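Please look over the following structure with attention to charged side chains and to the packing of helices. The report below takes these topics in turn.

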Amino acid sequence: MNIWIAIGATVVGCYAVKVIGLLVPAGVLERPLVKRLAALLPVALLAALTAQQTFADGQTLMLDARAAGLAAAAVALVLRAPFLVVVAAAVLVTAGVRALGG
């Protein structure tokens, strides 16, 4: 039963955030600070999610094949490779390190 309460609370919370977003006046959304935060927030959230999924395993810090794949993707990004090449490099390096026993 507790899981259904959590699901219901999440549904209500998501709906409330959507409604609040629709009720914000247009003038507030046109402010430079709000525009800059709206542009940077998704990048920060994605970076945090990537770091958490790459370097964490529960409550412990892990350095394994995922970190090597992330490093390969970072190198590909620095070299300005297309997105699919970045993803392919990360996948190939991660699979290679895992195949070698890492």
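## Arg66 and its partner

R66 counts as partly exposed because its relative accessibility is 25%, where buried means under 20% relative accessible area, exposed means over 50% and partly exposed lies in between, for a 1.4 Å probe and protein chains only. The side chain of R66 meets that of D64 in a salt bridge of 3.2 Å, N to O, a term that requires a side-chain nitrogen of Lys or Arg within 4 Å of a carboxyl oxygen of Asp or Glu. D64 is likewise partly exposed, with a relative accessible area of 24%.

This is a predicted model, in which local features need pLDDT of at least 70 and side-chain atom pairs count only at pLDDT 80 or more, while totals for chains, interfaces and linings use all residues. Residues are numbered from 1 along each chain as its sequence is written, and side-chain values use heavy atoms, with hydrogens and water left out.

## The salt bridges

By this rule the count comes to two salt bridges. Besides the pair of R66 and D64, the side chains of E30 and K35 meet at 3.3 Å, N to O, and K35 is partly exposed at a relative accessible area of 45%.

## Packing of α3 and α4

Helix α3 (residues 32-55) packs with helix α4 (residues 65-78) at an angle of about 140°, their axes lying 8 Å apart. The two helices are therefore oblique to each other, since angles under 35 degrees count as roughly parallel, over 145 as roughly antiparallel, 65 to 115 as roughly perpendicular and the rest as oblique.

In this packing, T50, Q53, T54 and F55 of α3 meet R66, A67 and L70 of α4, contact meaning heavy atoms within 4.5 Å.

Notes
Axes are lines fitted to C-alpha atoms, for helices over the stretch in contact, and angles run from 0 to 180 degrees between N-to-C directions. Helices (H or I, at least four residues) and strands (E, at least two) are DSSP runs, numbered from the N terminus.
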